[in-house]
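Please read the model shown here with attention to how its parts touch one another.

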Amino acid sequence: MYDADKIIPGLIVFLIIVLFPYYYTMGRMVPAPKPIKPTKYKKCVEPLSYMRAAHMDILDAWRDEVVRHEKRVYVSSTGKEWDMSLQNECLRCHDNKAKFCDRCHNYLGVKPYCWDCHFEPNKIKELPHKMMTKETM
Amino acid sequence: MSRVIFPLIVVLVLIAIPILGVKVAGLHLLFGVVIPYVAFAIFILGFIWRVIYWAQSPVPFRIPTTAGQQRSLPWFKQSRWDNPFTTGEVIVRMALEVLCFRSLFRNKRIDFRQLPDGTPILRYSPTKWLWAFALLFHWSFLIILIRHIRLATVPIPGPIEFLDHLDAIFEIGLPQLYLTDLTILAGLLFLLCRRLFIPQLRYISLPADYFPLFLIISIVCSGMLMRYFLRTDIVGVKELVMGLVSFHPHAPVKDIGTIFFVHIFLVSCLFAYFPFSKLMHMGGVFLSPTRNLANNSRYKRHINPWNYPVKTHPYEEYEEEFREFMKQAGIPVEKE
Amino acid sequence: MAAKTPKPQELLQIDHRPPREWWMDRKVVFKPGTWCYAGRPENVKALDLPFPREWSPDEEDWKLPDNWKEIVLETFRDRLHKFRSLKVFMDICVRCGACADKCHYFIGSGDPKNMPVLRAELLRSIYRGEFTKAGQILGRLAGGRKLTYDVIKEWFYYFFQCTECRRCSVFCPYGIDTAEITMIARELLLEIGININWIMGPVANSFRTGNHMGLLPHTFKDNIEFLCEDIYDITGIKIEPTFNRKGAEILFITPSADVFAEPGIYTCMGYLLLFHYLDLDYTWSTYASEGGNFGLFTSHEMMKRLNAKMYAEAKRLGVKWILGGECGHMWRVIHQYMNTLNGPADFLEVPVSPITGTRFEHAKATKMIHILEFISDLIYHDKLNLDPSRNDHLVVTHHDSCNPVRAMGFIQEPRHVIKSVCNNFYEMPENTIYAETFCCGSGAGLNTDEFMEMRMRGGLPRANAVDYVHKKYGVNRMTAICAIDRAVLPTLMNYWVPGVSISGVCELVGNALVMPGEKPRDIDLRQEPLVRPTAEMPSEDESDV
């Protein structure tokens, strides 16, 4: 082999780059996050597997319906009616953002902009009184 | 035509394989664990093997292509990046080449026409399309690869998370649209269309030129389908990937979605194909002797390891043959 | 003799669109005017090269050795082993097509196999088909094909339609250099006795007599003395150069065409005047009497065999350093190969100008500098009494020769000198000069008459750029620092741009240099009056087209 003094370091740099996830993880078993599920309620608006993969679609659709068309009732695939509201409906059961929403979102590096406008349930009482309008409730 | 159809069929077959394998045969472990492992190993080892194969041959002569003024006398301004003299200048030249595609930036289109009286006119005008779309494609691909690291690390390193958010900066739709998904597609379609529709390009193109394009387009499309349309259990995906990178592989969760297996199988094919294809230009560009050498061969002797003695015509033989002529002409000779 | 060259208007029927039939399906047609005659057996034999014989490319049977295929494949393997460049260039081309319209032969002929990418694919397809698993199994689907007799003929045709000018390499994103590929392809062909006489002849001459022209020592000396007589007639200055003189400070080597043939001889007169003016302690050599090196166009080994004379002679004569004349491929060999092949030259000293004291540090290993580096230094230090108005009858443009520019970076040196010795200088359009300069169309040993059609086609881009400045500024003289240029560009100009003559830079220096004790100068070194022609540009003799 010729020019090993340049080519071997080059290959090492290549390995350092492409093997990054391997040595970064160092063989650590990282279990998938287990979001805590609501204890009081058994059923979500749609089946669990659908919710897991596509909850953002529902939230996105709800927002548009409410904000643009003032429609507030969602009829699920089973025919049940739900209030189209993140805070009043979803967070009613999923009342712990940190242990439900954030666990998976952080695991995947997703930062949804829900919380640009909405508040976490347990943070609401910390807000100044005058900001507590009906909308934020 | 078969030069286009054949690679297209191959890619379609490659798409069908995981669909059948997972949906019909239920080979989740094979497609989710075994094939990705094998493919990645082929990529790493194949890449190293190919570079070492190149390195086993020496660079006998210093043959940089000099695209600017040499360093000679102090009153001439040397083109340092186009005609490097020092190692530092070579590094800059290589960096400009690898990161900015400097040589491609020089591209000119030729315009040949004849005036009514028959006078030929040849003009050259800069054309940046190939450069722009090649750059778009390569940089998009790089950013896409880097942001995929979010699925292979816990916790996700800050810079990678930052890049991921930067890529989705316009916050369009949910999940948010990655800009690189659009730009890589634009780059790929441009590169494909010029091959298909420019007669000279079509003429020089081989199946090996269409295949990676079709393959990468399929990879991008399957990825976009998965993210924007068909949805997959992304937590399940990351769980699978983390199993792979931590060497604790386990079978993927069942409802992860077939589209994911299509995506990862196509990526595996690309990785396994890489070291044996023209895609090795990624490593080869660093080893190109016309670009990675300093133009200083009159300043510093370059050594050829296989330089061997050759049969020459020494002066003694020359004088022997022509001595009388030389003497008559008054040219000094060694032996009277 | 040579085929009749088509008229410019016939030749201009160029279609750059590729034919319907794919390139692997097309067989070469040996049309007169587009290929060079085979090497004469006596020349091949004189060099101990393989398979000397009578043969001709346009015949069906090339009289190849029975095991030609094994020899080619074996040599190919050997070269892959010896040249990383070849391996990398075989593997990494992505066929982006950036090089396609950069080749002067493609521009002038429209033949798709003259696109650099396809020229290289001629070799690559065999590399894949014979040496890689995928190519062996999948054949064409993997871009591979088998080595056949027809492939050999195709190689001959197209690798002797490449002038190794390296223009494509400037534009390639990986720097793939077709010159390197052509050089090695020619080596493969050489091993089975395929070569051309226009290269074999000069090489055999150069090996035996020291120069391409085959000038014997006394003739070489006589020729230079004739030039001195002309100089005496023109300037009244008597010059007595020395030959093979031991103990001289400098050995001067230039292409033998400068000593022998028009218009190079005027350049040579420029050298002689300058050296006399400086009273330089230098000598000519009849043994190392060739700057050029057609070995470069034959094989790396042949390049070394011919080049060895320079250092050997410098050592024998005990000079301090070597000065080289104006030549293109000569300077590629000196700059990029000589010291590697035949060095180290530790018996020489770092070149120092005896007039200015400048140490040419950038040449401290090879110990050879270019005459224009030397002159530029003199001009910079104001050591020359120059009268540029003596070139006022000339409107000058400069042709950057391929090798000095793209294998060295020799761009500003000639311009500094030209602008100091003449008042009317105009550049050709920017995409045709500097690193993007176009070849004369006849380099790399293809400057022969039987190749005239391709030469005129390949020279079209250069000629067209000259035509532009000729019409716009009335340019009537193009300088070129290359002996092949000086030999072939007059023909090219006659064909495409009548009214433009060719010279080396040192001819203009010779015109402008005010020699102490000279008689009043009313004619230039060509013995033409020093007044600018006002009427129609003179049309020159067109007989050799």
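The model is predicted. Two pairs of chains touch, and the pair with the most contacts is chains B and C. Chain A and chain C are not joined by any contact. The closest C-alpha atoms of chain A and chain C are 10 Å apart.

Chain B also touches chain A, through 35 residues of chain B and 31 residues of chain A. On the chain B side of this contact, at least two residues each come from helix 2 (28–55), helix 6 (158–167) and helix 10 (234–245) of chain B. Sorted by class, the side of chain B that touches chain A holds 20 nonpolar, six polar and nine charged residues.

Within chain C, the domain assignment gives two parts: domain 1 is 10–30 + 50–194, and domain 2 is 203–512. Their C-alpha centres are separated by 31 Å. The contact between the domains involves 18 residues from domain 1 of chain C and 21 residues from domain 2 of chain C.

Which elements give two or more residues to the side of domain 1 of chain C that touches domain 2 of chain C? They are helix 5 (104–109), helix 9 (167–171) and helix 10 (178–191) of chain C. Helix 5 of chain C contributes the most to that side, with five residues. By class, the side of domain 1 of chain C that touches domain 2 of chain C is made up of eight nonpolar, five polar and five charged residues.

Note on methods:
Residues are numbered from 1 along each chain as its sequence is written. Chains are lettered from A and ligands numbered from 1 in the order in which they are written. This is a predicted model: local features need pLDDT of at least 70, side-chain atom pairs count only at pLDDT 80 or more; totals for chains, interfaces and linings use all residues. Domain bounds come from an automatic or database domain assignment. Two residues are in contact if their C-beta atoms, placed from the backbone, lie within 7 Å. Helices (H or I, at least four residues) and strands (E, at least two) are DSSP runs, numbered from the N terminus. Ala, Val, Leu, Ile, Met, Phe, Trp, Tyr, Cys and Pro count as nonpolar, Asp, Glu, Lys and Arg as charged, and the others, Gly among them, as polar.
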